[in-house]
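Hi everyone, thanks for making time for this. I'd like to walk you through one protein chain, step by step, with the picture on the screen. Please have a look at it first.

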Amino acid sequence: MLNKILIYPFVVLVRFYQAAISPFLPSACRFEPTCSTYMIQALQLHGLFYGGYLGIKRILSCHPWGKRGYDPVPKKNCSHKD
């Protein structure tokens, strides 16, 4: 529950970007899902610190000389011992 409260303002900020700013910019993201969608998914799956790190790392790699294509958020590592 605390994790959802912590990431909520950041998700709202990215959603604002998606709704109010992104439609007026040329489509430039080289990845699927887009960098903003990736950021939201990373925050929701991994939390504020690691999810934020993954999202920022992804945004910094989205440039004309970088990679492109399908790049999903990495799954959470679960180390359960049965």
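Let's begin with a word we need: a residue is buried when its relative accessible area is under 20%, exposed when that area is over 50%, and partly exposed in between, using a 1.4 Å probe and protein chains only. With that cut-off, buried residues account for 26% of the 82 residues in this chain.

Two notes on where this comes from. What you see is a predicted model, where local features need pLDDT of at least 70 and side-chain atom pairs count only at pLDDT 80 or more, while totals for chains, interfaces and linings use all residues. Residues are numbered from 1 along each chain as its sequence is written, and side-chain values use heavy atoms, with hydrogens and water left out.

Now the overall picture. The chain has three helices and two strands; here, helices (H or I, at least four residues) and strands (E, at least two) are DSSP runs, numbered from the N terminus. Following the sequence, the pattern is α-β-α-α-β. The C-alpha trace spans about 50 × 30 × 15 Å along its principal axes. One more term: contact means heavy atoms within 4.5 Å. Among contacts between residues at least 6 apart in sequence, 69% join residues at least 24 apart.

Let's zoom in on helix H2, residues 35–46. H2 has 12 residues and reaches 16 Å from its first C-alpha to its last, close to the 16 Å expected at 1.5 Å a residue. That expected span is 1.5 Å times one less than the number of residues. Which residues of H2 are buried? They are Cys35, Ser36, Tyr38, Met39, Ile40, Ala42, Leu43 and His46. And what covers them? The cover includes H1, strand S1 (31–32) and helix H3 (48–61).

So how do we talk about helices that pack together? Two packed helices are described by the angle between their axes and the distance between the axes. Axes are lines fitted to C-alpha atoms, for helices over the stretch in contact, and angles run from 0 to 180 degrees between N-to-C directions.

Take H1, residues 2–21, first: its axis and that of H2 come within 10 Å and cross at roughly 165°. That makes H1 roughly antiparallel to H2. For that wording, angles under 35 degrees count as roughly parallel, over 145 as roughly antiparallel, 65 to 115 as roughly perpendicular and the rest as oblique. On the H1 side, Ile7, Phe10, Val11, Val14, Arg15, Tyr17 and Gln18 meet Ser36, Thr37, Met39, Ile40, Leu43 and Gln44 in H2. Sorted by class, this contact has eight nonpolar, four polar and one charged residues. Ala, Val, Leu, Ile, Met, Phe, Trp, Tyr, Cys and Pro count as nonpolar, Asp, Glu, Lys and Arg as charged, and the others, Gly among them, as polar.

Next comes H3. The axes of H2 and H3 come within 7 Å and cross at roughly 160°. That makes H2 roughly antiparallel to H3. The contact of H2 with H3 divides into 10 nonpolar, four polar and one charged residues.

Is Cys35 buried or exposed? At 9% relative accessibility, Cys35 counts as buried. Leaving aside neighbours within four places in sequence, Cys35 is in contact with Cys29, Arg58, Ile59 and Cys62. Cys35 and Ile59 are 24 residues apart in sequence, with their C-alpha atoms 6.0 Å apart in space.

For contrast, find Tyr8 in helix H1. Tyr8 is exposed, with a relative accessible area of 57%. Tyr53, in helix H3, counts as partly exposed at 47% relative accessibility.

Finally, two details of the backbone. Most residues other than glycine have a negative phi, and most peptide bonds are trans. The peptide bond from Glu32 to Pro33 is cis, with omega near -5°. Glu32 is in strand S1, and Pro33 sits in the loop between S1 and H2. Not counting residues up to four places away in sequence, Glu32 touches Arg58, Gly69, Tyr70 and Asp71. The C-alpha atoms of Glu32 and Pro72, 40 residues apart along the chain, are separated by 7.4 Å.
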